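Subject: Structure handover and findings

Dear colleague,

I am passing on the structure below, followed by notes on what was found in it. Please read the notes with the coordinates open beside them.

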Amino acid sequence: MKTKTQAQKILSHLKRGWKITQSDAFHKYGCWRLASRIDDLKKLGFNIDKKMIERGGKKFAQYYLPR
């Protein structure tokens, strides 16, 4: 049985219409480097958008597939 890569898991997450942050990626998929996996997916031709979110005085990226 072939195990899905982190990028494949993240892409499946996004294709469901869900958004993802670094915290989500770490807790759900064990991914420490979400921005790198997003870059990998973009290089494969996927159009992934980013929105900057601010909570508790901290800013972070939230990635999603545009509709």
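The largest nonpolar core has 14 residues, and those with the most contacts inside it are Ile 10, Ile 20, Leu 34, Ile 38 and Tyr 63; such a core is a set of buried Ala, Val, Leu, Ile, Met, Phe, Trp, Tyr and Cys residues joined through side-chain atoms within 4.5 Å, where buried means under 20% relative accessible area, exposed over 50% and partly exposed in between (1.4 Å probe, protein chains only). At least two residues of this core come from each of H1, helix H2 (22–29), H3 and strand E3 (58–64), with H1 giving the most, namely four residues. Helices (H or I, at least four residues) and strands (E, at least two) are DSSP runs, numbered from the N terminus.

Please bear in mind that this is a predicted model, in which local features need pLDDT of at least 70 and side-chain atom pairs count only at pLDDT 80 or more, while totals for chains, interfaces and linings use all residues. Residues are numbered from 1 along each chain as its sequence is written, and side-chain values use heavy atoms, with hydrogens and water left out.

Turning to the helices, the axes of H1 (residues 6–15) and H3 (residues 34–43) come within 10 Å and cross at roughly 80°, the axes being lines fitted to C-alpha atoms, for helices over the stretch in contact, with angles that run from 0 to 180 degrees between N-to-C directions. The two helices are therefore roughly perpendicular to each other (65 to 115 degrees; under 35 counts as roughly parallel, over 145 as roughly antiparallel and the rest as oblique). Gln 6, Ala 7, Ile 10, Leu 11 and Leu 14 of H1 make the contact with Leu 34, Arg 37, Ile 38 and Leu 41 of H3, contact meaning heavy atoms within 4.5 Å.

In H3, the buried residues are Leu 34, Ser 36, Arg 37, Ile 38 and Leu 41, and their cover includes H1, E1, H2 and E3. His 13, which lies in H1, counts as buried at 1% relative accessibility.

As for the sheet, three strands form an open arrangement in the order E1-E3-E2 with antiparallel pairing, two strands being paired if DSSP finds at least two bridges between them. Strands E1 (20–21) and E2 (49–55) are the edge strands, each pairing on one side only, and seven bridges join E2 to E3.

Best regards
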